[in-house]
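This report is for a reader meeting the structure for the first time.

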Amino acid sequence: MLDKKELISQSLIMNLYYLRSMKEYALNIEISFVSKDQQVITDAGSFREHFDRLLEDTVKLSDGNISQDLLDSDIFFTEYTSKCERLTEELLAININNQITRHEEAMTAGTVEVTDELLNGVRTVNKKANTIIQNFITYTQSILDNTTKNKLFSYSYPTLLKKIHDDTTIYQKELSRLIDEESFTPTSAYQNECCLNRSNEMNAMFIRSFIDPKDNGVFKEADSFVTEFHNANLKDQQLSPDTQYDLTNERLELMRRFKEFVNKVIEGMLNSTYYLIIEPIFLDNILTEANFYILILEENLKNI
């Protein structure tokens with residue numbers, strides 16, 4: 001069981017990370033469907049507003065309660081987040097709540113001091129997020145099913161819609177664990193590592209798919225990462241207490257290289273060197289996920 005300090009700390013970290021991903025996933029859905037499917041678009045916008053409000057609440061609770069190392073880890077926002085948000089707004093004529101990012105950037109570091117107000121605030125966010133996420137899971141499954149049955153048209157691949165659904169399901173499981181105040185287990189930690197490896201493989205696939213074909217070097221580099229992530233997934237079959245450290249360490253080295261590649265792609269996109277058929281903030285989402293996975297791998301190595 002989690003003690004109160006652990007519950008607060010883990011809840012703040014998970015909600016800061018996942019709620020940003022969720023609001024950006026909702027944005028992707030909102031802009032990816034055509035006008036005849038207005039209800040799908042409207043529902044996505046409504047989910048995004050809910051995620052925005054919950055993230056704002058979480059940022060307020062987190063100020064002074066997150067370590068400097070975590071604030072510097074770029075798992076909540078990156079040096080590119082504000083620029084990607086502004087460019088997304090300009091290109092797509094859609095409003096994004098930029099105040100949330102500015103408030104995150106202004107957060108001060110500190111250690112958790114347990115108070116009834118903070119504990120109740122965290123528990124409230126967890127329960128509200130869990131309710132909304134359960135509805136979002138149903139919604140994403142529905143649009144995924146209808147897209148693959150040619151009942152809906154989306155400018156996003158079904159594979160991307162499935163990733164959104166799968167990531168949402170992972171978040172819901174984390175919320176359930178936190179609501180029940182249960183600790184991580186070594187098995188769940190490694191399972192999370194495997195899920196994140198597959199998720200980053202898909203991110204490499206998306207970059208490969210979204211890049212302008214003239215940028216053949218980026219295409220080939222993304223394709224090479226897809227192969228490396230796939231091979232890393234295959235090595236799960238070799239898992240044993242004797243091999244786990246080496247497998248995790250190999251993944252960490254791979255992720256550090258992938259992070260630098262994503263950095264390069266984002267910088268190239270922002271300075272108009274590269275063109276990708278995806279909203280700019282989605283690339284920033286890929287970068288925060290890479291940073292999150294690196295943090296997980298580093299923590300797992302310490303505990304092996």
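Ser272 is exposed, with a relative accessible area of 63%. Here buried means under 20% relative accessible area, exposed means over 50%, and partly exposed lies in between, using a 1.4 Å probe and protein chains only. Ser272 sits in the loop between α10 (244-270) and α11. Its phi is positive, about 70°, although Ser272 is not a glycine. Helices are DSSP runs of H or I with at least four residues, strands are runs of E with at least two, and both are numbered from the N terminus.

The model is predicted: local features need pLDDT of at least 70, side-chain atom pairs count only at pLDDT 80 or more, and totals for chains, interfaces and linings use all residues. Residues are numbered from 1 along each chain as its sequence is written, and side-chain values use heavy atoms, with hydrogens and water left out.

Asp74 also has a positive phi, about 65°, and is not a glycine. Asp74 belongs to the loop between α3 (68-71) and α4 (81-92). With 23% relative accessibility, Asp74 counts as partly exposed.

**Charged pairs**

Side chains of opposite charge can pair when their charged atoms come close. A salt bridge is counted when a side-chain nitrogen of Lys or Arg is within 4 Å of a carboxyl oxygen of Asp or Glu. By this rule there are 18 salt bridges. The table lists some of them.

| Glu30 | Arg48 | 2.8 Å |

In the salt bridge of Glu30 and Arg48, Glu30 lies in helix α1 and Arg48 in helix α2 (residues 38-62), so the pair ties together parts that are 18 residues apart in sequence. Both Glu30 and Arg48 are buried.

Glu289 counts as buried at 2% relative accessibility, and Lys163 counts as buried at 1%.

Asp223 lies in helix α9 (residues 216-234) and Arg208 in helix α8 (residues 186-210), so the parts tied together are 15 residues apart in sequence. Asp223 is partly exposed, with a relative accessible area of 30%, and Arg208 is partly exposed as well, with 22%.

A nonpolar core is a set of buried Ala, Val, Leu, Ile, Met, Phe, Trp, Tyr and Cys residues joined through side-chain atoms within 4.5 Å. The largest nonpolar core has 95 residues, and Ile29, Phe76, Ile207, Phe258 and Leu276 have the most contacts inside it. Helix α1 (residues 4-32) gives the most to this core, with 14 residues. Contact means heavy atoms within 4.5 Å. Leaving out residues up to four places away in sequence, Leu276 touches Ile207, Phe210, Ile211, Val265, Met269 and Leu283.

Helix α11 has 24 residues and reaches 36 Å from its first C-alpha to its last, close to the 34 Å expected at 1.5 Å a residue. The expected span is 1.5 Å times one less than the number of residues. Helix α11 is mostly covered, with 20 of its 24 residues buried.
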